[in-house]
Amino acid sequence: MSEQDTILGEHISSDYKYGFITDIEQEKAPIGLNEDTVRYISCRKNEPEWMLEWRLTAFRQWLKMKQPEWQNVHFPNIDFQSIIYYAATKKKPQYASLDEVDPELLAVYDKLGLPKEEQKLLAGVAVDFVMDSESVITTFKETLKEKGIIFCAISEAIREYPDLVKQYLGSVVPPRDNYYSALNSAVFSDGSFVFIPKGVRCPMELSTYFRINAQNTGQFERTLIICEDNAYVSYLEGCTAPMRDENQLHAAVVELVAMDNAEIKYSTVQNWYPGDKEGKGGIYNFVTKRGICKGINSKISWTQVETGSAITWKYPSCILKGENSIGEFYSVAVTNNYQQADTGTKMIHIGKNTRSRIVSKGISGGHSQNSYRGLVQVHKTAENAYNFSQCDSLLLGDKCGAHTFPYLEIKNKSAQVEHEATTSKIGEDLLFYCNQRGLSNEEAVDMIVNGYCKEVFKQLPMEFAVEAQKLLSISLEGSVG
Amino acid sequence: MSFTDNIETIFETIDKDNLSAVRESALSSFKTLGLPSARHEEWKYTHIKTKLPETLRLVASQESQVASKLKYFNSIKGTKLVFINGVFSAESSVIIDQSGLTVGSLKELSSQHEAIFTKHFNKATDISKENFAALNTAFAQDGAFIYVKKNTIVEAPVFVFHIYDHASADIFTQSRNLIVVEENADITIVEDFQNNNGEKFYNHVSEVFIGQNAEVNYSLLQLHNQHTTSVNYVEARLEKDARYHITTVTLDGKLVRNNINAYMDGENSLATLNGLYIGKEANHIDNHILVDHRVPNCNSHQVYKGVLDDQSTGVFNGKIFVQKDAQKTNAYQSSKAVLLSDEASMNSKPQLEIFADDVKCSHGAAIGQMSKNELFYLLARGIDKETARGILTYAFANEIIAAVKLPELRTYLDDKLKEKLNITI
């Protein structure tokens, strides 16, 4: 307990720990968005002609689309013409060791608490660090290469593996899917590309730290993960961003493809700047994440811990097309102060004997609004589909709101679909019990909330689980009465 | 072409009563709202726009003999109000007098009880948002008026029969009830919709005001409904300590949309909302339930069960709102549906919106088929598969019927359910 105390105390005393701006020279696209911006980005990235065409088609599509308004979140209109769509760190360092890296960049690592040298020792994590839209450093590449695994920036993949990219890019989330996916398809700057060939089990957790750094730079990441037959990969995504007053837009697209017997595990810890206590500033996080279980017996598992962002709007989804495929979604969404979250999942059952499981834990405090929105769709072809959903909401104050919008659309009689949801506050009897044993209210709440989220945390890889617990404590700071 | 095109011309032809101001605002609101399209969130699964007649015809000829065709009518005791094609039929109705109770036609009684009427009419519906409630307010001419004075325990239940008998397939009946139950009063109401022949359309709104410590038991029956396309609203407002129990039983219907809304305006009030629906052939049954907890210490309890066979479609949307100040709310909701055929489908949206922290709210939704273990148990005892399925379906559905308080009604519904499910036990 004492260790937890220290951790908690450390974080409670701090404001937003990762709020700082690093001065590194940057190359930026002119403000605003038109076909020339798209051409500029494509040109900067040395992209082949077909990629530019793909972007332009998406851009023209985007022009015809309208911003969606159905979400249960409120924010001022975004002026898409006042955003810089591309920023790259000027010098692209290509060092063999960390010592040669720009010291300022190293300082960023330090502030992030990234274990520099320790990285290599720690759990064998290869980090593809995205510093404002540009891949800066990639480690463990050699080990991966031996196995035939491709783990690189997507811009590199476009140049090096055009056939793979052509085949899969936009196959799960087509550019026209929604407003922000069209925007992303037109202007995405960089992201990760992962390809696990047949029968390979990726020996380490792949991870990318995204970071928004240049002022007024929207971050448009594109991630594509392909797992061939009998392959396995676990991918981690974590984010921090500097503190500032202006709202920033982040519209990423993540696509996962799992072939026969393949398994993809995608974990996210998101703690972008949520705005200050008055709800000023903060990141807008409008993400489209979707995976397809294409082959038989394939499995996609999403785990997310959402504590940051002023507005979170994302629905990591699974299309269960292959027979016996499995989709999972585990989520903890914490909102405090004036944060708004509208998050959940979609499970589309198409193949026979497909199974899905949804566990969503919402925690709201302050003046925040926290919504779960989920869709379970069982198509006529999905014999013996099974879904279980559990959506719990915990309210920590009397000014916040918790909402549940589950949609169940069932078109097959053999389907079995169950949905359960509860909303409550922390029981007074639980608090009393803890108080009796000498725990303060704050400690008790922290303990109870962590227990409440345990089901989701245990799905995370170890280092992430620790970080997630810390984040939870920071996010709940001040919400305990 | 839709009937909204010539709506103003029709509006000119209806009786101008003392409601013209309300009617005009309702009309203008309906014109703004229009008919809900498939993009309308509340009508996502029920595409009613193309299912309605092309012109709006309100009046149908009335035949006095039809009341004799009413099912269930003769076998029961109580006050019976009969509406034929939306118009009150005094000669068919049976009214048991009791002091403190006023029942009859809204059209006739509204002027006699003007104070009560103006105080309550159109106060429970939201015509600025609800398309069909606005349409109804603009055009409805008649319906049941039930007024129970304070401290009156109404002894005989009040039955409201709506029979649709006209031959024309393009009449869109608009009818309207106003039910006011004052403090410490108690009443049981059964409303039954029966369609005698062919394609029918109706849009019916009931407003129910339940006073302090009063109790209302309301049953809404849609049993003989085969070719009917209907929209129903039951809007209830509950004052302090009020108790409200509503049961909807839908055993048939081409397209049925029920909006059952309860507003908890007074502390410590209780609402139970139960429903059973059985869909066969191409039936489309849509239940939209809303419970709005506006004040602290209220309880609400919803249980909806459905059985869907053939190509039928079921829709359930249950909303629980708990407003900022409604602490100590206890709200429960359960929606269960069984699919019996491969072509049947079910769309369920159980929704919670909570703005208060000291609450206990939960909901559960399940869609599936009969338990294989239960089926096996019955088969092992020598019961054939079809009968066993029937028994299980009956057992599943009977929970709602068994909770009906009026004994004669319970027996009647039980028989109807068995008939519908083709079982003899």
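Modeller: A residue is called buried if 20 or more other C-beta atoms lie within 10 Å of its own, exposed if 12 or fewer, and partly exposed in between, with the C-beta atoms placed from the backbone. Helices (H or I, at least four residues) and strands (E, at least two) are DSSP runs, numbered from the N terminus. This is a predicted model, in which local features need pLDDT of at least 70 and side-chain atom pairs count only at pLDDT 80 or more, while totals for chains, interfaces and linings use all residues. Residues are numbered from 1 along each chain as its sequence is written, and chains are lettered from A and ligands numbered from 1 in the order in which they are written.

Biologist: Which residues of H9(A) are buried, and what covers them?

Modeller: The buried residues are Tyr180(A), Ser181(A), Ala182(A), Leu183(A), Asn184(A), Ser185(A), Ala186(A) and Val187(A). Contact here is defined by C-beta atoms, placed from the backbone, that lie within 7 Å of each other. The cover over the buried residues of H9(A) includes helix H2 (35–44), helix H3 (49–64), strand E8 (222–227), strand E11 (253–258) and strand E13 (283–293) of chain A.

Biologist: How should I read a strand, and which way do the residues of strand E15 (residues 311–314) of chain A point?

Modeller: In a regular strand the side chains alternate between the two faces of the sheet. In E15(A), Ile311(A) and Trp313(A) point one way, Thr312(A) and Lys314(A) point the other way, and all are buried. Two strands are said to pair if DSSP finds at least two bridges between them. E15(A) pairs with E13(A) in the parallel sense over 4 bridges, with Asn285(A) opposite Thr312(A). E15(A) is also joined by 4 bridges to strand E18 (residues 340–343) of chain A, again running parallel, and there Gln340(A) is the bridge partner of Ile311(A).

Biologist: Is Glu237(A) buried or exposed?

Modeller: Glu237(A), which is placed in strand E9 (residues 232–240) of chain A, is buried, because 22 other C-beta atoms lie within 10 Å. The C-alpha atoms of Glu237(A) and Leu206(A) are separated by 8.6 Å, although these residues are 31 residues apart along the chain. Ser128(B) lies in the loop between helix H4 (114–120) and helix H5 (131–139) of chain B, and Ser128(B) is exposed, because its count is 12 other C-beta atoms within 10 Å.

Biologist: How many residues does each chain give to the contact between chain A and chain B?

Modeller: The contact takes 31 residues from chain A and 30 residues from chain B. Strand E22 (386–395), strand E23 (401–410) and strand E24 (416–425) of chain A each supply at least two residues of the side of chain A that touches chain B. That side divides into 11 nonpolar, 12 polar and 8 charged residues, where Ala, Val, Leu, Ile, Met, Phe, Trp, Tyr, Cys and Pro count as nonpolar, Asp, Glu, Lys and Arg as charged, and the others, Gly among them, as polar.

Biologist: Which residues touch the most other members of the largest nonpolar core?

Modeller: In soluble globular proteins, nonpolar side chains tend to be buried together. A nonpolar core is a set of buried Ala, Val, Leu, Ile, Met, Phe, Trp, Tyr and Cys residues joined through C-beta atoms within 7 Å. Of the 230 residues in the largest one, Val194(A), Cys227(A), Val233(A), Leu256(A), Val181(B), Ile210(B) and Val322(B) touch the most other members.

Biologist: What confidence does the predictor give to chain B and to the complex?

Modeller: Where pLDDT is low, the predicted coordinates should not be read in detail. pLDDT is the predictor's confidence in each residue, from 0 to 100; chain B has a mean pLDDT of 88, and 97% of its residues reach 70 or more. Among the elements of chain B, helix H1 (residues 7–13) has the lowest mean pLDDT (79) and E11(B) the highest (95). For the complex, the predictor gives an ipTM of 0.81 and a pTM of 0.82.

Technical notes:
Contact = placed C-beta atoms within 7 Å.
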